[in-house]
Amino acid sequence: MRTYIVIFAVLLVGLMALTSCEERGTGIVKHDLDDLGQFAGLWPLGDHVYQPELSLQIRNPQELLLGSAYLPAECFAPVKPVPVLILLAPENGDKFHYFKSGLETIAKEMTISGEIEPMVIFCVSNDQLFGGYFYGNSYPAGNYDNIIGNEMIEYLNNRFPNVIDQASARGIGGVGQGAYGAFRAALKNPGVFSSIAVADGPLDFDGADGASGLMDLFPSVIAEQQSIYTGGVPFDFRRDFDSAAAAPISMMFIGGALAFSPNDTAVDYTRTIDYHNAGTDLDDEVVVIVNSRQSIADASLPGGGDSTTFIQNVVGLESEVRNFDFHLPFDGTGSVYQPIWDMWLANNLETLHDNAGVADPLDGVNMLLITNPHAKWGYDEMTDSWGDFLDAQGYSVERHQYVGTENVGDPNEQFLYDIIREMLVFHSRNFSAGN
Amino acid sequence: MHKGYMEKRMRRIGIAASVLMVVLLGSSSVLASGFENTGLGTTARGMGGAFRAVADDWTASYYNPAGYAYVVDNQLGGNIGLFSNRHEITADYVEYDALGNPYGWGMVNDQSIYNFDRILNNPAAGFVVRLPIWGETVFGLSGFQRFDYSIGWRFYSPEATDFRAYNDSADAWAPSDHYRNDLDVVAFQVTASRTFMEEKMSLGLGLQLLRADLVFADMTLRDNPMDGFISARPYDRVPEFTNNQGSGYGFGLNFGMMYRLNEKLNFAITAQWPFDITLDGTTDFRYIMPSNPLQRDLVNMSQEELLYVSGELVNFQSDFETKLKLPPSMSLGLAYDVTEKLTVALDAEYTLWSRYEGFEFAYSNFVNLPTWVDTNGTRYTIAEDFLTTDLSNPTEWDNAGKIALGMRYHLNDVVTLLGGGSADQSPSRNTAQITPHFVDTGDKYSFNGGVVFHINQWDLGIVQSYISYPDRSISDFTDLNDDGVFDNFPGDYKADTYETVLSITHRF
């Protein structure tokens, strides 16, 4: 009997051990962001004065270009050299546009997991008045050609001394108008950037066939204007053109027109600077009259201020009765108005490429084009067309497409979180190869 | 029968019945196809469940009530099954677009995730007593878990999946085991059995009072109902955590027939019919809202829109009601006494699992819903339609069969050896409707072995059981009822279960 009891006990213990086994936990492995250091993260104070580039930009008396940045721990002690990426906001995008889709957290996570190398990511705001000026080059819209790939680089180098001042450690990108702005800056400043990653933007104004692209939107502007028109008399294109926010396509063309085909208007210019760091605000406000009659555009415009598609009294200064007037590239029927459209085409990326002043201005630049067939305003087709052009020039261009699922819907912004991750990986790979 | 002996016996019975109630209602356990119990008793379990045509101890109440008629003595017995589920899932909880781009939401993918290691217990107890009523009718009272399942998982971890951008507090706020299923259906069964045809045949009937207890925790990724940027990725789906805890009562019937074809061969037929049980209780809701402070601070929004960028933890409660549709089953059994010492048995069971349709939770009487007060002092509930939506966990199971083969060998007066196995068809074999709530990956095989020691009036038994599951891969999401909510859980499933059954029986 004793033997059986012993056997029973041994069996009991052994089998119980089998059923218990070891504690496995859940198997979940996490990354600890605290390892990055407490200072890594969003730095919102990237606003900077650019003079004279923004001196006559509409309703920007402080000549500020708004910006914010993601700063890696390497910007703080111990300071280590890091590359820099400039991201340009799309139309209506502010300086936090990419942060609203999680840029700060994404950058932290991908850095700590080793997916990307640490980098400064400087985010540039688009204009909040008309949504954006295509990061073009005119007085009313701002002379960005001398900012994005030039003055801004100097500013970043000074502000963050550990930024590597080499093209191989410098990237640029954006979505929408930011995509256009990124390529424009690279073409206007060859050799400044070594990587460009963009998603759906107006990258080919006249499309693959020379008769699509933005041209497809001309009738939409007319329809949009008629839909918001509330006047009692029949709608007149030149008289009743409205810049209301409810007409987003019209807004986009107003911004473009101010950048590419502004009217030669002499405007009164008042510059106000408020020094906040001494005395009372009232006492310290200094009003500076820079130029009482400033010409804002080339006087060689067809017809001067009297083109077929001349629009006036739409865009006003805050305290002036005078207005910034402009010319649209289409008439009241939605048909192209060639003299003005030619001015837009002079700013088309293909033209800028051919007129860059150097052969193969994008030579050695790694490029990524991201598209989504649901992109607004045909931006995907324009991006594809630009990609085809680059391919034809012999550049190596990576392309990636999102189509979304039933849940992840149509608008471009639905994918921005994923696009940011892909852009960061692309740039980081380029930076690693260059260094 | 001696009066003192009867009193003593009834006292034992009373104590046993009380203990039985307490133990069973406080237990947790697991297993078999769908969520059917693996069985009870060391002899039956040691024979792989092939016990319906043997049924000669108190556990016959579960396998074949007709077996009571042939139990020669009075018995008071109990057993406990100790389970350890050793499952793992490598999740693929990602939605892909037509070009293969993945869209995830903080579920840990591409890592082996284990269910929470818990030693689960499945107690059962009962007694058989011959009372001089209606001749030699044998009565019994027993309690056992007719159906039971218990498992818990955690897959949601934004911190482990680089998904903190949704809400960097989400990891801490998510319940520890956000997939949890504790489903117990305990049967308190009164059994009566007697012989007919000069003891060649016996019939038995068990009347069951069923008590069902449910703890069902779930995570549902709800479509963010807002437009534009507010619902753009990573904010496109809002995790909703629910914890439903409730119970209900029902009835069931357990019928058995045993026929002695000759001195060595027994034949058995059984049928079990549990009726539907309505479960009600309370539900704790927890929503982890998207956190987008920049959007919140810089853009004018309505109060409802603000909720979807607030990053708040929204907790509230409600009552719930759901129906548990339990499956009837039918069984056949054969037992053959090869020698005086060796018995071989074969069982076949068919369970109508197609009756089970999952859970549809209907919520009511909400408490602590989020509100806001306007400048006039009027209080409004925010996003009530979204937050209070009924949820469901539908399934599409098939009827399933099971075959068990077992042997019992009386080594001597003290030791009985047991061995057996079973092939258990899975009710989810034809569906992609697999979730961590019921890890039933396919047709299973169990291997059992054990020993019973007979010491005076006591029987002590121990059985070890291993259940092998096939690996299973679920590759795509399904939405059975088109409510926009995923009804399955894609991933690679692996499962094993170990069980040790201990028993003690007193014959008097």
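## A sheet and a contact between chains

In this predicted model, strand 24 of chain B and strand 25 (residues 491-494) of chain B pair in the antiparallel sense over 3 bridges, where strands are DSSP runs (E, at least two residues; helices are H or I, at least four), numbered from the N terminus, and pairing requires at least two DSSP bridges between two strands. Within this pair, B:Asp492 in strand 25 is the bridge partner of B:Ser473.

Both strands belong to an open sheet of 4 strands in chain B, which has the order 5-2-25-24 with antiparallel pairing. Strand 5 and strand 24 (472-474) of chain B stand at the edges, each with a single partner strand, so one side of each is left without a neighbour in the sheet.

The contact between the chains takes 43 residues from chain B and 44 residues from chain A, two residues being in contact if their C-beta atoms, placed from the backbone, lie within 7 Å. On the side of chain B that touches chain A, elements that each supply at least two residues include strand 5 (112-114) and helix 5 (293-298) of chain B. The classes on that side are as follows.

| Class (members) | Residues of chain B |
|---|---|
| Nonpolar (Ala, Val, Leu, Ile, Met, Phe, Trp, Tyr, Cys, Pro) | 20 residues |
| Polar (the others, Gly among them) | 10 residues |

Chain A has 12 helices and 16 strands.

Residues are numbered from 1 along each chain as its sequence is written, while chains are lettered from A and ligands numbered from 1 in the order in which they are written. Because this is a predicted model, local features need pLDDT of at least 70 and side-chain atom pairs count only at pLDDT 80 or more, whereas totals for chains, interfaces and linings use all residues.
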